[in-house]
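Q: Please take a close look at one single part of the structure shown here. What surrounds it, and how are its side chains arranged?

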Amino acid sequence: MDETEFWDLVDASREAAEGDADEQADQLVERLVRLDPDSVLDFARHFESRYNRAYRWDLWGAAWVLLDGASDDAFDFFRCWLIGQGRDVFEGALHDPDSLADLLGEFDEEVDGDGEELGYAADEAYEQLTGAVAPDLGIPPAASEPAGTSFDLESESALAERYPRLWDRFKG
């Protein structure tokens with residue numbers, strides 16, 4: 001599976017789910033079980049590598065603004081959700097986290113920003129196909145700390161300064 005096929009599956013599942021992250025995960029599993037197990041593992045590798053790429057302080061700060069705070073788990077689920085938003089939003093956020101103010105449509109912190117189930121979709125599909133737990137993906141493990149320079153996520157002034165567009169749109 002190449003990168004285009006990966007993003008096509010993400011986009012098709014998001015469109016079918018009409019923005020509901022849990023439904024998107026179900027839609028993704030439905031699509032993945034139509035593939036062979038090796039393709040499901042390829043999808044999982046694409047997902048996991050993007051998930052790891054998004055483990056960055058600057059994205060955590062953006063998540064903090066959007067979600068009105070983001071614990072370790074909430075940031076993990078946010079990264080899954082961010083992948084689920086598709087290539088343009090994901091890559092745009094990695095390039096400039098503050099651009100999420102322009103890239104996102106409606107955003108409700110109570111229901112958006114949590115894609116926990118998306119993170120399990122490939123594992124679930126693999127188990128349905130094979131009856132076995134997915135093997136190790138053979139990709140480098142995630143870093144123990146987010147990339148970039150840490151800062152005080154609880155400082156409203158630091159968040160407002162680092163993410164002026166997000167702050168204006170979601171906090172202003």
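A: Helices (H or I, at least four residues) and strands (E, at least two) are taken as DSSP runs and numbered from the N terminus. The model is predicted: local features need pLDDT of at least 70, side-chain atom pairs count only at pLDDT 80 or more, and totals for chains, interfaces and linings use all residues. Residues are numbered from 1 along each chain as its sequence is written, and side-chain values use heavy atoms, with hydrogens and water left out.

The part examined is helix 4, residues 57-67, which holds both Trp-57 and Trp-60, three residues apart, or about one turn of the helix. An α-helix has 3.6 residues a turn, so residues three or four places apart point the same way.

The structure as a whole contains twelve aromatic pairs; rings of Phe, Tyr and Trp (its six-membered ring) pair if their centres lie within 6.5 Å, and count as stacked with planes under 30 degrees apart, edge-to-face over 60 and tilted for the rest. Trp-57 and Trp-60 are stacked, because their ring centres are 5.3 Å apart and their planes are at 10°. Both belong to one aromatic cluster, together with Tyr-55, Phe-75, Phe-78, Trp-81, Phe-107 and Phe-170.

Burial is judged by relative accessible area: under 20% is buried, over 50% exposed, and in between partly exposed (1.4 Å probe, protein chains only). Trp-57 is buried at 14%, and Trp-60 is buried at 7%. Ten of the eleven residues of helix 4 are buried, so this helix is largely enclosed by the rest of the structure. The cover over these buried residues includes helix 5, helix 6 (87-95), helix 7 (100-103), helix 9 (156-162) and helix 10 (164-170).

The axes of helix 4 and helix 5 (residues 72-84) come within 10 Å and cross at roughly 95°; such axes are lines fitted to C-alpha atoms, for helices over the stretch in contact, with angles from 0 to 180 degrees between N-to-C directions. The two helices are therefore roughly perpendicular, a label for 65 to 115 degrees, whereas angles under 35 are roughly parallel, over 145 roughly antiparallel and the rest oblique. Contact, meaning heavy atoms within 4.5 Å, is made by Leu-59, Trp-60, Ala-63, Leu-66 and Leu-67 of helix 4 and by Asp-72, Ala-74, Phe-75, Phe-78 and Leu-82 of helix 5.

Just after helix 4, Asp-68 adopts a positive phi of about 60°.
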